[in-house]
Amino acid sequence: MKTVAVLGGGIGGLAASYYLCKNPQVTKVILLESSGRLGGWLWSTRRSDGAVFEHGPRGIRPMGAQGCNTLNMVDDLGLGGEILPVTYSHVASKNRYLYVRGELHRMPSGISGLFQTIPPFSRPLILSLAGEILVKKTKEEDESIHSFFSRRLGKELADIAADSVCRGVFAGDCRKLSVRSCFPPFYNAEQRRSSLILGMLLGSGPAPAIAPGYLAKRSRKESWAQWSLRRGVESLPEAITEYLQQSGRVQLHKETPVKQIVPLASGWEVHLENGVMSADHIISALPAKALSSVLPPSCQPLIQQLRDISSVTVALVNLEYDGSILPVMGFGHLVPSSEDRGLLGVVYDSVPFPQHNRPDGQTTRLTVMMGGAWFQEVFGAPEMVTEESLLARATEAVERHLGVGAAPIWSRVILHRDCIPQYYQGHFRRVGSMRDFIQKNKLPLSLIGASYDGVSVNDVIFSGRTAVDELLGTGL
């Protein structure tokens with residue numbers, strides 16, 4: 001394996017390049033990014049006064065093989081001293097809220113919370129959980145998240161809790177999203193144990209074995225719920241970029257959009273705006289629709305399946321207020337679609353990561369998330385929406401939900417076009433069919449990134465590692 005081209009310089013493409021760089025079988029890695037920056041959705045603003053604002057993911061979870069793998073990478077990159085851990089005992093972990101019927105409600109937590117009737121729910125959660133064990137497993141190969149939780153835990157929990165969580169994680173509609181692809185542990189728990197409860201207690205199936213390094217072991221010992229980095233999560237792609245540059249084996253090209261890839265007898269010819277290059281193998285970290293536009297006509301079945309993967313647009317508004325203005329302390333609150341279709345939730349950034357506040361004077365940082373699957377319906381076409389209208393909508397929500405009458409002292413509006421892929425029912429079969437086509441036609445092509453095997457930072461990094469392991473036969 002002489003030359004591998006990596007298409008896309010987000011965290012997936014950077015991670016794949018990082019793992020390729022560690023293997024002597026690869027002579028040269030060429031990373032091609034169409035925009036002027038690397039890192040994709042991992043994007044932090046660092047103000048001169050020391051404040052940090054995240055425009056994409058903020059807290060990264062350390063759990064599971066994927067979480068362990070990311071922490072091992074952070075360790076290897078020398079970022080261990082930059083870690084900002086948030087433990088399960090932290091108020092941001094214990095307190096999460098829902099905004100329902102015009103009021104904030106703290107989500108039940110702890111054993112005692114299961115036995116009490118806590119609004120907005122009409123009965124103790126223990127009743128839903130006790131009955132769940134008796135529910136028969138479905139024979140369907142896939143199911144919507146709403147249908148799954150309605151069947152197993154009741155319509156109220158599906159309408160409020162599952163709906164809100166899907167809006168917070170996927171900015172998506174739980175009535176369309178696939179439980180099998182979005183929440184594999186829940187689907188597997190039912191299939192293997194016939195119960196979510198038993199699956200959580202006894203395990204829902206085998207997971208990849210990743211040997212924990214120092215940080216992963218520390219995260220378990222100290223019970224981390226999530227973590228960030230002192231200068232923001234963009235420090236991670238920046239550190240990977242520096243590692244790749246120092247390796248001497250990776251060529252990084254920004255502002256270099258790929259126009260077309262053409263299969264050769266062996267490998268690919270990659271057509272750029274200003275020339276042509278060849279590669280023995282391509283790892284595509286492009287969004288599915290972007291990849292579909294550069295594939296040759298001979299890949300028509302694959303092109304159509306890639307086009308069938310939809311993505312949603314999210315407006316993200318960072319706000320800073322003078323003083324301590326929150327009526328409650330916690331990670332933030334989510335809003336079910338029945339309450340406000342356009343407003344997904346508000347993150348109280350200053351609570352989990354006060355280190356990102358400016359050091360002089362008390363301030364409160366918030367992030368308002370809007371749109372998602374409802375963007376067009378509520379706000380109209382993304383290209384027609386103004387930053388002023390989005391800022392007004394965000395500040396109005398903060399006033400209405402949190403009782404904050406003051407105007408923010410700083411704000412920034414970011415419109416993320418087509419940023420979160422939507423795994424609709426049947427997604428697993430679609431992705432399997434794509435990879436079958438690639439294998440059957442012996443295409444030297446790997447698919448990684450958020451369009452296929454998980455949208456979290458950990459999932460995307462792990463997809464890069466998995467593709468490299470499969471390509472080079474190194475195994476996990």
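This is a predicted model: local features need pLDDT of at least 70, side-chain atom pairs count only at pLDDT 80 or more; totals for chains, interfaces and linings use all residues.
Residues are numbered from 1 along each chain as its sequence is written, and side-chain values use heavy atoms, with hydrogens and water left out.

**Overall picture**

The chain holds 18 helices and 19 strands; helices (H or I, at least four residues) and strands (E, at least two) are DSSP runs, numbered from the N terminus. Its radius of gyration, taken over C-alpha atoms, is 23 Å, close to the 23 Å that the globule rule gives for 476 residues, so the chain is as compact as a globular protein of that length. That rule is 2.2 Å times the number of residues to the power 0.38. Along the principal axes, the C-alpha trace spans about 65 × 55 × 50 Å.

Strands of a sheet pair through backbone hydrogen bonds, either parallel or antiparallel. Here two strands count as paired if DSSP finds at least two bridges between them.

Leu98 is a handy place to look: its bridge partner in β15 is Leu334, and its bridge partner in β7 is His105. The hairpin of β6 and β7 has two residues between the strands. Arg101 lies in that loop and has a phi near 50°, a positive value in a residue other than glycine.

Contact means heavy atoms within 4.5 Å.

**The three-stranded sheet**

A second open sheet to view has the order β10-β11-β12, with antiparallel pairing. β10 (258-263) and β12 (275-279) are its edges, each with a single partner strand, so one side of each is left without a neighbour in the sheet. The twist averages 25° from one strand to the next. In β11, Val262 has Glu269 as its bridge partner.

| Strand pair | Direction | Bridges |
|---|---|---|
| β6 (97-100) and β15 (332-334) | parallel | two bridges |
| β6 and β7 | antiparallel | four bridges |
| β10 and β11 (268-272) | antiparallel | five bridges |

**A helix pair**

The axes of α14 (300-307) and α17 (427-440) come within 10 Å and cross at roughly 155°. That makes α14 roughly antiparallel to α17, a label for angles over 145 degrees. Pro301, Leu302, Gln305 and Leu306 in α14 meet Arg430, Ser433, Met434, Phe437 and Ile438 in α17. The residues of this contact divide into six nonpolar, two polar and one charged; Ala, Val, Leu, Ile, Met, Phe, Trp, Tyr, Cys and Pro count as nonpolar, Asp, Glu, Lys and Arg as charged, and the others, Gly among them, as polar.

**A cis peptide**

Finally, a cis peptide bond joins Pro119 and Pro120, with omega about 15°. Pro120 sits in the loop between α4 (110-114) and α5 (125-132).

Terms used
Axes are lines fitted to C-alpha atoms, for helices over the stretch in contact, and angles run from 0 to 180 degrees between N-to-C directions. Angles under 35 degrees count as roughly parallel, over 145 as roughly antiparallel, 65 to 115 as roughly perpendicular and the rest as oblique.
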